[in-house]
Amino acid sequence: MSIFEYNGSALVAMVGKNCFAIASDRRLGVQLQTIATDFQRIYKIHENLFIGLSGLATDAQTLYQRLVFRHKLYQLREERNMKPETFASLVSAILYEKRFGPYFCQPVIAGLGDDNKPFICTMDSIGAKELAKDFVVAGTASESLYGACEAMFKPDMEAEELFETLSQALLSSVDRDCLSGWGGHVYVV
Amino acid sequence: MEGEPLIYLTCVAIAGADYCVIAADTRMSTGYSILTRDYSKICQLAEKSVMASSGFQADVRALQKVLAARHLIYQHQHNKQMSCPAMAQLLSNTLYYKRFFPYYAFNVLGGLDNEGKGCVFTYDAVGSYERVGYSSQGSGSTLIMPFLDNQLKSPSPLLLPAQDAVTPLSEPEAIDLVKTCFASATERDIYTGDKLEIVVLNANGIRRDYMELRKD
């Protein structure tokens, strides 16, 4: 079994009209056993920036702690919050530092940049960024999520509609993946 | 793997109250190359049974030949066409006959049962089958199934009293749904594309429609 499938995860972020939504499942498992049904995968970096970390849970937690540390330092030095694009570059650099012994995580970053313009991106475990204009997915349920999101996505959705669409896409996708599920957390900004 | 004409196609079947829709794309690919853009994977086995298969092309063809031969024998012995549930059982038995050297074929069988209601049977490579309200097989199935689940929520076959698996959608709505599914699958799956072949079985008979898909 692949190391990325050890804990199981499903993450998706979608862009709407001056808003974004990021969602994850809530299951934490050890291969086929479920350990927790309320596991948090999406973390807030600041008011307008969220990062979700799929893959190995221990690496996700460690990576989150390192990123929060770097962001707090940035806030102290620059006296402002990081822009989402900058944060994405930071995550990419931190992941590539470990090029030959990587963190087994796939981050999904979602934030609002200047003028409330939504920004989403995902990366592989060694920091290759993939910017998208519509949606990004990560985790063991990623193939199902690709299909569901592709079929349900519409450009320029308002916040409520975006929430509904994202929830439906997430729930139907994780229902087809045995390693993720047990509900979802959705953050709409 | 180069040189192995595996059809990583996507096929979808939806059963309705008095119709059945089976659709598959027409691309045949091997490894990262396309062998042809115009290859039909849907085969009519009997008057009211249509099968779509993904997997290894030679095995699919051999399977179709075996089923056609068995159907002919049935017609001679019983003086009638095989019904769809009967064909479903035959297909299952044919696949399991080769349990220890299987047909590398992932099938979906669609048609009308004896009462004229739509039925869809979904198979694995060694013949395990189940009658369902909708199904998909192939490389795009992981992308399409969650969407079909969401749109067509079929009751579990374990419920009592037994509930109808067929969808309440009308025929044009089901065809639209299939087209949406394939448009989405084509975007994200490299093995799906070129053209979509839709076969519709209803009381009036059988008809084929085509729709263009992205060619990249």
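1. Arg41(A) and Asp25(A) form a salt bridge with their closest N and O atoms 2.7 Å apart; the term covers a side-chain nitrogen of Lys or Arg within 4 Å of a carboxyl oxygen of Asp or Glu. The pair links distant parts of the chain, 16 residues apart: Asp25(A) is in strand S2 (residues 20–25) of chain A, and Arg41(A) is in the loop between strand S4 (33–36) and strand S5 (42–46). Helices (H or I, at least four residues) and strands (E, at least two) are DSSP runs, numbered from the N terminus. Arg41(A) and Asp25(A) are both buried, on a scale where buried is under 20% relative accessible area, exposed over 50% and partly exposed in between (1.4 Å probe, protein chains only).

2. On the basis of the values: this is a predicted model, in which local features need pLDDT of at least 70 and side-chain atom pairs count only at pLDDT 80 or more, while totals for chains, interfaces and linings use all residues. Residues are numbered from 1 along each chain as its sequence is written, chains are lettered from A and ligands numbered from 1 in the order in which they are written, and side-chain values use heavy atoms, with hydrogens and water left out.

3. Over all chains, the search finds 20 salt bridges. Among them is the pair Glu97(A) and Arg66(A), at 3.4 Å from N to O. Glu97(A) belongs to helix H2 (residues 84–97) of chain A and Arg66(A) to helix H1 (residues 57–78), 31 residues apart. Glu97(A) is exposed at 54% relative accessibility, whereas Arg66(A) is partly exposed at 28%.

4. In chain B, Arg131(B) forms a salt bridge with Asp113(B), the closest N and O atoms being 3.3 Å apart. Arg131(B) is in strand S10 (residues 129–132) and Asp113(B) in the loop between strand S8 (105–112) and strand S9 (118–123), so the pair ties together parts 18 residues apart in sequence. Arg131(B) is partly exposed, at 33%; Asp113(B) is buried, at 9%. Salt bridges with shared partners also join Arg27(B), Arg37(B) and Asp194(B) into one network.

5. The interface buries about 1200 Å² between chain A and chain B, 54% of it on carbon and sulfur atoms; buried area is the accessible area (1.4 Å probe) that two parts lose on being put together, summed over both. Chain A gives 14 residues to the contact and chain B twelve, contact meaning heavy atoms within 4.5 Å. Two salt bridges run between the chains. In one of these, Arg188(B) meets Glu150(A) at 2.8 Å, N to O. On the chain A side, helix H3 (142–152) and helix H4 (159–174) each supply at least two residues, and H3(A) has the largest share, eight residues.

6. The largest nonpolar core has 44 residues, and those with the most contacts inside it are Val12(A), Met14(A), Ile14(B), Val21(B) and Leu148(B). Such a core is a set of buried Ala, Val, Leu, Ile, Met, Phe, Trp, Tyr and Cys residues joined through side-chain atoms within 4.5 Å. Helix H4 (residues 171–188) of chain B gives the most to this core, seven residues. Another core, of 23 residues, lies apart from it and includes Met82(A), Ala88(A), Leu90(A) and Phe119(A).

7. Ser170(B) lies in the loop between helix H3 (141–152) and H4 of chain B. Ser170(B) is partly exposed, with a relative accessible area of 33%.
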